[in-house]
Amino acid sequence: MKQSIFTIKENVALTSTVYKMVLVGDTSDITATGQFVNIKLDGLFLRRPISVCDWDAETLTIIYKVVGTGTEHMASMAIGTELDILTGLGNGYNTEKSGDKPLLIGGGVGVPPMYALAKKLISEGKDVTVILGFNNKDEIFYENEFKKLGATVYITTVDGSYGVKGFVTDVMKNLTYSYFYTCGPMPMFKAIEATAVTSGQFSFEERMGCGFGACMGCSCKTKYGNKRICRDGPVLEREEIIW
Amino acid sequence: MVNTKVNLCGIELDNPVIPASGTFGFGYEFSELYDINILGTFSFKGTTRDPRFGNPTPRIAECPNGMINAVGLQNPGVEKVLSEELPKMKKVFHKPVMANVSGFSVEDYVYTVERLEEEDQIGWYEVNISCPNVHGGGMAFGTSPEAAATVTKAVREVTKKPLIIKLSPNVTDIVSIAKACESEGADGISLINTLLGMRIDLKTKKPVIANKMGGFSGAAIFPVAVRMVYQVSHAVNIPVVGMGGVSSASDVIEMMLAGATAVEVGAYNLIEPYGCKKIIEELPAVMEKYGIKSLEGLKID
């Protein structure tokens, strides 16, 4: 974990409620896809945990949905604003277990961490398929970005306004894959758990106090004992999860 | 040169800064960030007789200038603390440590202290009779002078180490409880634990915290803490460890002016992982700014 100051380089709306923010700063402590950062915001006591969408040596990209006071504030921030950020938090996805044909499933704001993960798996020479699930056409983002990486991309919308009508599992059930990775809401996780035919990794969300394992605010029970979502997660393996 | 040393119940501390229990684990998460031996000491995660998972999640809520937690004393139980946590702590922390102990019956407190008594590195016990997040125990002992006295007396009989009793602010008369602890042989009083609080989500119209209520901490509670430390330190003749919303070196000094011998830092560690390091580094300059050469005897009338 590293605490450092980042400067906003870009902060743009991708949909009516989802924003992409690119920050310039020290990314050296980000070691795995699926990790998160914890951002200090003026006027709020607790930092706000946001998943890492992508990073390189100098920039960090996050995609966030406006859901409350903190993210509302972030959406209004101007280019050049400095933010105090803790980086390198959480375990992240393990790509060694992926096999040759991994399937990545992102639901809503669970889509962003799938981006760096897809990039990494493709760089490792794997045949990556991505399913991105949204409620409707207006909520879709990053379809082309995933295609540009070279992934096979399926979009699902609940109302059928774009792509396959239905849920991510309506596509998943017809695919063959060696392993799966997912991030998204709990109902989607439960549907995936009921549909999946291989092992896989789920990235969980929980209200956090510190984000680095000190406060026990985000604990959960697993088959392998109690875990802290922020430190021992947010990624848990299918085999250890108690549903 | 200023002198930041203080003496807490016969043990000298390099400075009065002590991370509070529940915000610092057993120290090793923070030792990855900085050398935690710069601390006065720290109070380790509240330990109970049996392992506890704690309360359901969400356990955390945002508040103006503070937070609510309802963790519920999650800890691996005293046996695993002895066999796993303390060996890991010893690798990174080499000063006397404060052992925070909690329980659900007088027998629980006694059992846990007896199990920890042989650990040489434990300098003090901080007996928590003030956790607002567990039913049937914890705070129940800290809300009447009689119950506080009973726990103090029972634990006093099984330890030779300095015994500090951690009090709850959620009471009508904290002074009478502090005096009851003193009369049964407590060597010190620490306060304040968190204030019982609650938040409700306007969208869901449900409490934010799964357990509905929790302990309110953070900068917002600092004035309440200063007031209670002042009241207690002026009513007892044993050292008082002040805590509640401390977030800067000047807060530390203000707490000591109120009558604290040493000062714990809690929620601030969670939002500023280097917080205690920063406070310790700033302390000498803040002391000089206010013409304070030593931290002994700062208590105002």
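The model is predicted, so local features need pLDDT of at least 70 and side-chain atom pairs count only at pLDDT 80 or more, whereas totals for chains, interfaces and linings use all residues. Residues are numbered from 1 along each chain as its sequence is written, and chains are lettered from A and ligands numbered from 1 in the order in which they are written.

Chain A holds five helices and 15 strands, where helices (H or I, at least four residues) and strands (E, at least two) are DSSP runs numbered from the N terminus. The radius of gyration, taken over C-alpha atoms, is set against a globule rule of 2.2 Å times the number of residues to the power 0.38.

| Property of chain A | Value |
|---|---|
| Radius of gyration | 17 Å |
| C-alpha box along the principal axes | roughly 45 × 40 × 30 Å |

Because a compact globule of 243 residues would have a radius of gyration near 18 Å, the value for chain A agrees with that expectation.

In chain B, strands E4 (residues 60-63) and E5 (residues 66-69) run antiparallel and are joined by four bridges, two strands being paired if DSSP finds at least two bridges between them. Ala61(B) has Ile68(B) in E5(B) as its bridge partner, and in this hairpin, with two residues between the strands, Asn65(B) takes a positive phi near 60°.

Elsewhere in chain B, Ile292(B) lies in the segment after helix H9 (275-289).
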